[in-house]
Amino acid sequence: MLRSSRSRVLVVAVAALLAPTFVSAQQYDYERQEKWQYPASLGQSPIDIQRTAASEGDMEEAQAIELRDTEAALRVVDNGHSVEVEAHGPDALIRGRHFELMQFHFHAASEHTIDGESFPLEGHFVFKAKDGRLAVVGVMYREGDANKLAGEVLEALGDAREGEIEREDIAIMLPRDKSYHHYLGSLTTPPLTENVEWYVLDTPVTLSATQIAGFNARYSHNNRKVQPLNERPLIHYAAH
């Protein structure tokens, strides 16, 4: 079930709650990305994932991504530069370590590319460990069958900037096959903090043309340009 809110008071309250995690809107100018400030190092994201350059993961170590407790109440927010969904409760074991899902959001077109191929939309599922470490699971979306949760996200926003979904399974926004390419990178929005673990899933998920258009109506071209890999290790894990 969905509940939308047009209340100015509620929008202001939500914005105040989330403000510590935001950077000024000017720093999200995707038309002038060259002006973004970031650490002077060689570990930025996104990248072009060249599959022939990847090494297989060490199967003597834990490699799998396992989502748990995937049903949750969701808050959908238009945060000024993307559509973001806050989820409290879902967690995951990522390579044997426990992470909690903070939020997921969308970029159009995809930020990562696969052998130079771009996708209409990319979702970033941002997980955080108790020690503060971030792991982001990237999901590519292509045109095809409609996705139930994607439709609910768009409906929850409506013409507002905030809405709620009483309860839904976030797992339907990710593929069942959790094979991935992994590397160490950064956030793709300011402050572009590095030492973020990236897991870009191999298998795309479908959205309908109408759903893709709905996300594009909110934000199109909110994707950072591809950054050089700079000889960072790129690891592939095949889940089956």
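**Aromatic pairs and the enclosed cavity**

Phe104, Phe106, Phe125, Tyr141 and Phe215 form one aromatic cluster. This is a predicted model, in which local features need pLDDT of at least 70 and side-chain atom pairs count only at pLDDT 80 or more, while totals for chains, interfaces and linings use all residues. Residues are numbered from 1 along each chain as its sequence is written, and side-chain values use heavy atoms, with hydrogens and water left out.

Me: Which kind of aromatic pair do Tyr30 and Trp36 form?
Reply: Tyr30 has 11% relative accessibility and therefore counts as buried (under 20% relative accessible area, with a 1.4 Å probe and protein chains only). Trp36, at 6%, is likewise buried. Their rings are 5.2 Å apart centre to centre, with 75° between the planes, and the pair is edge-to-face.

Me: Why is the pair of Tyr180 and Tyr237 tilted?
Reply: The ring centres of Tyr180 and Tyr237 are 5.2 Å apart. The pair is tilted because the planes stand at 40°.

Me: Which strands hold Tyr180 and Tyr237?
Reply: Both Tyr180 and Tyr237 are buried. They lie 57 residues apart, and their pair links distant parts of the chain. Strands here are DSSP runs of E with at least two residues, numbered from the N terminus. Tyr180 belongs to strand E13 (residues 180–186) and Tyr237 to strand E16 (residues 235–237).

Me: What is the volume of the largest cavity?
Reply: A cavity is a set of points on a 1 Å grid over the protein atoms alone where a 1.4 Å probe fits but cannot get out. Points are joined across faces, edges and corners, and the volume is the space filled by probe spheres set on them. The count comes to 1 cavity of 30 Å³ or more, and the largest has a volume of about 40 Å³.

Me: Which residues line the largest cavity?
Reply: Lining residues have an atom within 4 Å of a point. By class, the lining has 6 nonpolar, 2 polar and no charged residues, where Ala, Val, Leu, Ile, Met, Phe, Trp, Tyr, Cys and Pro count as nonpolar, Asp, Glu, Lys and Arg as charged, and the others, Gly among them, as polar. The lining consists of Val83, Phe106, His107, Ala108, Leu121, Phe215, Tyr219 and Asn222.

Methods:
1 Å grid on protein atoms, 1.4 Å probe; cavity = no way out; pocket = protein on both sides within 12 Å on 5 of 7 lines; lining within 4 Å. Phe/Tyr/Trp six-rings, centres within 6.5 Å; stacked < 30°, edge-to-face > 60°. Buried < 20%, exposed > 50% of the residue type's maximum accessible area, 1.4 Å probe, protein only. Helix = DSSP H or I, 4+ residues; strand = E, 2+ residues; numbered from the N terminus.
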